[in-house]
Amino acid sequence: MQSRICRILLVTASMVASLAVLGVSSALATPKGEYSVFAQCPTKIETLSGCLVSRTESGEVTIGNEEVPIVKTQTLQGGTENIAPGVKRLVAALNGETLSKTPQKVPGGLAGIVKCNEIKGEGFFEKLERGVC
């Protein structure tokens, strides 16, 4: 009788362990279907509390006093982890592209934002800035 109980406990423990391993491995698998947008989420980080993908398809960004329109989709992706109660930290995407490197057209070019003609002074840095412009 005692050996039968031991076998039942052993089989039950094996099944629970198998299910736990299966659950962990499926959680770490690459997301499929509608969840494939989260493929770059760093799911192997134990303290991960969530995954995020945010796409900005239009609008504008203000740099100084200049408005730069968003005409090509910008993507922010990665994971989040709790670092203190109510405080989360962004964890980099697996492919290293947490913020997409999507070029946007800047009205007047980069020199229009920097306003090269307004750089005053004769010091080394001012001369260097004007030279770079």
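Visitor: What makes β1 and β4 a pair of strands?

Guide: In this predicted model, 8 bridges join β1 to β4, and the two strands run antiparallel. Pairing requires at least two bridges between two strands; with 8 bridges, β1 and β4 therefore count as paired. One of the positions involved is L52, whose bridge partner in β4 is G78.

Visitor: Which strands make up the open sheet, and in what order?

Guide: The open sheet has 3 strands in the order β1-β4-β5, with antiparallel pairing. β1 (48-56) and β5 (87-91) are the edge strands, because each has a single partner strand and one side of each is left without a neighbour in the sheet. Direction ignored, neighbouring strands of this sheet are turned by 35 degrees against each other on average.

Visitor: Why is T80 called buried rather than exposed?

Guide: The relative accessibility of T80 is 15%. The limit for a buried residue is under 20%, so T80 is classed as buried. T80 is found in strand β4, residues 74-84. Leaving aside residues up to four places away in sequence, T80 touches T47, L48, S49, G50, L52, K88, R89 and V91.

Visitor: Is N82, by its relative accessibility, buried, partly exposed or exposed, and what makes it so?

Guide: N82 also lies in strand β4, and its relative accessibility is 48%. Buried means under 20% and exposed means over 50%; 48% falls in between, so N82 counts as partly exposed. Not counting residues up to four places away in sequence, N82 touches T47, S49, V87 and K88. As for S49, its C-alpha atom and that of N82 are separated by 6.4 Å, although the two residues are 33 residues apart along the chain.

Visitor: How do you know that R89 and E81 meet in a salt bridge?

Guide: The N to O distance between the side chains of R89 and E81 is 3.1 Å. The cut-off is a side-chain nitrogen of Lys or Arg within 4 Å of a carboxyl oxygen of Asp or Glu, and 3.1 Å therefore qualifies as a salt bridge. Side chains of opposite charge can pair when their charged atoms come close. The structure holds 1 salt bridge.

Visitor: Are R89 and E81 buried or partly exposed?

Guide: R89 has a relative accessible area of 44% and is partly exposed. E81 is buried, because its 12% relative accessible area is under the 20% limit.

Visitor: What makes β2 and β3 a pair of strands?

Guide: Strand β2 (residues 60-63) is joined to strand β3 (residues 66-69) by 4 bridges, and the strands run antiparallel. At least two bridges are required, so β2 and β3 count as a pair. Within this pairing, V61 stands opposite V68 in β3, and T62 stands opposite E67. The hairpin of β2 and β3 has 2 residues between the strands, and G64 takes a positive phi near 65 degrees there.

Visitor: What makes F124, F125, L128 and V132 a nonpolar patch?

Guide: Nonpolar side chains such as Val, Leu and Phe are joined within 5 Å, provided that each residue has over 30% relative accessible area. L128 is partly exposed, with a relative accessible area of 44%, so L128 passes the 30% limit. Together, F124, F125, L128 and V132 have about 490 Å² of accessible area on the surface. The place of L128 is in helix α3, residues 124-132.

Visitor: Is T30 buried or exposed, and how do you know?

Guide: T30 has a relative accessible area of 52%. The limit for exposed is over 50%, so T30 is classed as exposed. T30 lies in the loop between α1 (2-28) and β1. The C-alpha atoms of T30 and T43, which are 13 residues apart along the chain, are separated by 9.2 Å.

Note on methods:
Residues are numbered from 1 along each chain as its sequence is written. This is a predicted model: local features need pLDDT of at least 70, side-chain atom pairs count only at pLDDT 80 or more; totals for chains, interfaces and linings use all residues. Side-chain values use heavy atoms; hydrogens and water are left out. Patches are made of residues with over 30% relative accessible area and no salt bridge: like charges are joined within 9 Å, nonpolar side chains (Val, Leu, Ile, Met, Phe, Trp, Tyr) within 5 Å. Accessible areas come from the Shrake-Rupley method with a 1.4 Å probe; for residues, only the protein chains shown count as cover. Buried means under 20% relative accessible area, exposed over 50%, partly exposed in between (1.4 Å probe, protein chains only). Contact means heavy atoms within 4.5 Å. Axes are lines fitted to C-alpha atoms, for helices over the stretch in contact, and angles run from 0 to 180 degrees between N-to-C directions.
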